[in-house]
Amino acid sequence: MTESCHATTRGLPAEEDGGRVVALVGTSNVGKSTLFNSLCGARQSIGNWPGTTVEVARADWRPPSSARTDRPLRLLDLPGTASLAPVSPDEELTRDLLVEAPPGSRPDVVVAVVDAAHLARSLYLVAQLRERSQRLVVAVTMADVAARRGLGVDADALARAVAVPVVVVDPRRRDSSSCLGGAVLEAMARPAPAPRTRAATDLDPDDPFAEDDERFGWVQQVLEAAVEHRGDGGPTWTDRIDRVVTAPVLGPLVFLAVMWAVFQVTTAVAAPLQDALDGLVSGPVTAGASALLGLLGLGGSAIEGFVLDGLIAGVGMLLTFVPLMALMFGLLAVLESSGYLARAAVVTDRTMRAVGLPGRAFLPLVVGFGCNVPAISATRVLPDSRQRLLTSMLVPFTGCSARLAVFALVGATFFGPNAGTVVFGMYLASILLVVGVGLLLRGTLWRTLGADPLVIDLPPYHLPLPRQVALVTWSRVRAFLHTAGGIIVVTVAAVWVLSAVPAPGASGSVGEVPVEDSLYAASAETLAPVFAPAGFGDWHATSALMVGFVAKEAVISSWAQTYATEEPTDTATPGALGDAVQADFAASSGGHTTAAVLAFLVFLLAYTPCVATLAALRREVGTRWMLTSVGLSLSVAWLLAVAVFQVGRLIA
Amino acid sequence: MTLHQAPVGTAVTVVDISAHPRAQRLAEVGLRPGALVAVLRRTSGDGRLLGLGPARMAVDRTTATALLVAPATVPTS
């Protein structure tokens with residue numbers, strides 16, 4: 001299949017070839033992903049479609065009725081779309097795979113998921129799909145919700161009206177796999193059905209809505225044939241809740257309360273779990289490995305140092321992100337499947353639009369103030385890949401809690417009792433940076449983005465299914481470890497190697513060298529002049545920034561190491577480190593210490609937060625955009641730091 | 001009148017959507033000329049919460065001011 005090899009978005013990639021592919025499609029909120037999860041469970045892999053930043057879940061599916069010897073079906077959960085005329089890159093992917101792809105690279109069977117309670121809205125896509133020769137099965141979800149509202153959907157009548165097999169599924173029950181599987185296998189064995197006859201006589205070439213009118217006419221006919229109204233269900237719980245949740249004053253209050261909860265869970269709840277894992281790795285695991293290496297006769301060697309302080313420390317750092325990411329993914333799944341996320345988009349839309357961002361970008365940015373890593377993953381709440389990309393570029397500018405510790409120490413060292421004001425100022429600067437860089441990017445790279453007025457479907461509220469939430473969380477954590485693991489472990493190990501190897505000309509052997517004679521110090525010294533225009537062109541400060549690129553948590557301990565002093569136990573009393581740092585800043589800034597310190601803080605705030613954030617970026621938006629983010633952060637940080645120092649020098 | 005001017009709690013019929021930048025998508029999701037729409041509530045940000053049959057939809061102020069509607073004779077549920 002040579003056509004599909006060069007343009008992966010226009011058809012199924014090579015890995016899907018040979019097998020039989022089934023694609024789930026549907027409007028948003030019809031329960032498509034819930035159905036996918038109940039069919040495939042934990043066997044799924046969630047990841048970006050090749051060559052895009054659009055997420056598609058894939059899994060092997062073996063319907064109970066299929067023969068044991070058959071290869072499993074390849075099931076794809078395609079991005080939700082209301083129609084085949086795309087308005088976002090995500091919807092475009094669905095269209096590309098179903099329509100634009102050469103016939104051999106399209107899915108063998110398309111399963112259109114429709115919501116029984118909102119059949120009119122779901123059937124428009126079916127009308128379009130039936131305009132081409134395509135094996136199609138309609139899966140009806142939410143029949144129970146429809147029944148409660150006095151709507152009965154007659155599956156047989158629906159099948160006759162649409163002229164394709166119709167299956168009523170309940171993702172909460174296990175037997176949906178066999179029902180749907182049987183229908184899919186049967187459809188596969190038959191030739192593709194002929195396209196539906198269109199009422200072509202009504203089509204007026206000058207009327208842009210003529211095609212839509214024809215489709216709606218067809219939808220109305222189908223509805224009349226298949227839906228029975230058994231009276232009005234009266235006002236629903238959803239309506240009662242929405243009276244509060246989307247209201248002008250109460251809505252934003254509810255939203256802030258939800259954001260507060262999300263922030264608490266990703267900081268206060270996650271922290272003890274992270275500490276426990278960190279303690280486990282740096283304590284028993286390291287001690288065990290050390291004992292093992294001692295038995296092998298490697299105790300005290302450079303190899304021991306590399307294994308303990310390089311590899312195990314790297315794996316430990318990666319593991320501390322697991323509880324945090326699991327909580328974040330779980331929260332996202334709950335917010336999304338409950339239906340609240342759509343309401344949050346309504347409430348935040350106007351405020352965020354004023355600064356040029358979509359309403360839903362609020363959530364990842366709030367999470368970013370706790371930790372940037374889950375915040376990057378939280379950009380998944382945005383339905384448009386361009387919006388996800390823009391927000392991913394802004395998240396690193398939110399001042400995470402690891403940066404707070406450094407701000408506090410530097411603040412206490414140089415500003416004494418005014419440290420609190422300085423830290424507050426950094427948070428303010430962080431918000432200004434997000435807005436400023438956002439406007440800058442909107443004015444350059446994403447000029448056309450966000451002009452779309454908000455029109456959003458509000459699904460009925462649902463209680464999230466614990467099994468579904470657990471499934472999605474587990475799949476995403478696994479995918480995160482898979483992509484992020486390499487980057488994090490390799491970087492931590494590389495820093496160890498740099499600090500263990502003596503610089504050319506320095507005395508000492510590998511693993512025995514004092515910090516100031518290591519390759520690491522030598523690189524910091526080489527890099528230091530870059531920061532001279534910002535007033536902190538000193539190798540100690542530069543080396544602290546280098547460590548900060550890996551993890552902001554390590555900045556203070558490593559900074560202390562470069563002076564061979566103890567790490568201060570309390571950030572409010574910087575002690576010996578404070579004295580040493582003060583002397584160096586005074587020297588490197590030519591006496592304009594305050595300006596240089598403020599420039600240093602601004603740099604610390606704006607440059608790349610940590611290697612784990614980069615790993616998360618690589619997973620969400622790919623290597624190219626991850627590097628773009630590094631370039632953007634470093635340039636913004638350097639330019640601002642230089643500006644702060646140069647202006648500050650003139651004033652003070 | 002525009003959808004934005006339509007009193008909350010009334011039912012309206014959509015007359016014209018062509019002033020909206022995403023008119024095509026509006027038509028696809030059911031906000032099309034002739035559609036019966038219940039104006040249920042004002043939302044935060046001065047948008048409107050709409051009822052299209054059993055479905056609920058929120059539109060922002062820009063959308064509400066771009067759609068032309070007429071009072072409907074059928075009472076809302």
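Helices (H or I, at least four residues) and strands (E, at least two) are DSSP runs, numbered from the N terminus, and pLDDT is the predictor's confidence in each residue, from 0 to 100. The structure is a predicted model, in which local features need pLDDT of at least 70 and side-chain atom pairs count only at pLDDT 80 or more, whereas totals for chains, interfaces and linings use all residues. Residues are numbered from 1 along each chain as its sequence is written, chains are lettered from A and ligands numbered from 1 in the order in which they are written, and side-chain values use heavy atoms, with hydrogens and water left out.

For chain B the mean pLDDT is 90, and 95% of the residues score at least 70. Among the elements of chain B, the mean pLDDT is lowest in helix 1 (residues 23-28), at 90, and highest in strand 5 (residues 68-71), at 96. Where pLDDT is low, the predicted coordinates should not be read in detail.

For the complex, the predictor gives an ipTM of 0.93 and a pTM of 0.83. The contact between the chains takes 38 residues from chain A and 31 from chain B. About 2800 Å² is buried between them, 57% of it given by carbon and sulfur atoms, where buried area is the accessible area (1.4 Å probe) that two parts lose on being put together, summed over both. Of the area that chain A buries against chain B, A:Phe209, A:Pro453 and A:Val455 supply 19%, more than any other three residues. Between the two chains 4 salt bridges are counted, each a side-chain nitrogen of Lys or Arg within 4 Å of a carboxyl oxygen of Asp or Glu; one such bridge joins the side chains of B:Arg32 and A:Asp213 (3.0 Å, N to O).

The lining of the largest cavity draws at least two residues from each of helix 10 (250-295), helix 12 (340-354) and helix 13 (362-368) of chain A, with helix 12 of chain A giving the largest share, 4 residues.

Notes. Contact = heavy atoms within 4.5 Å.
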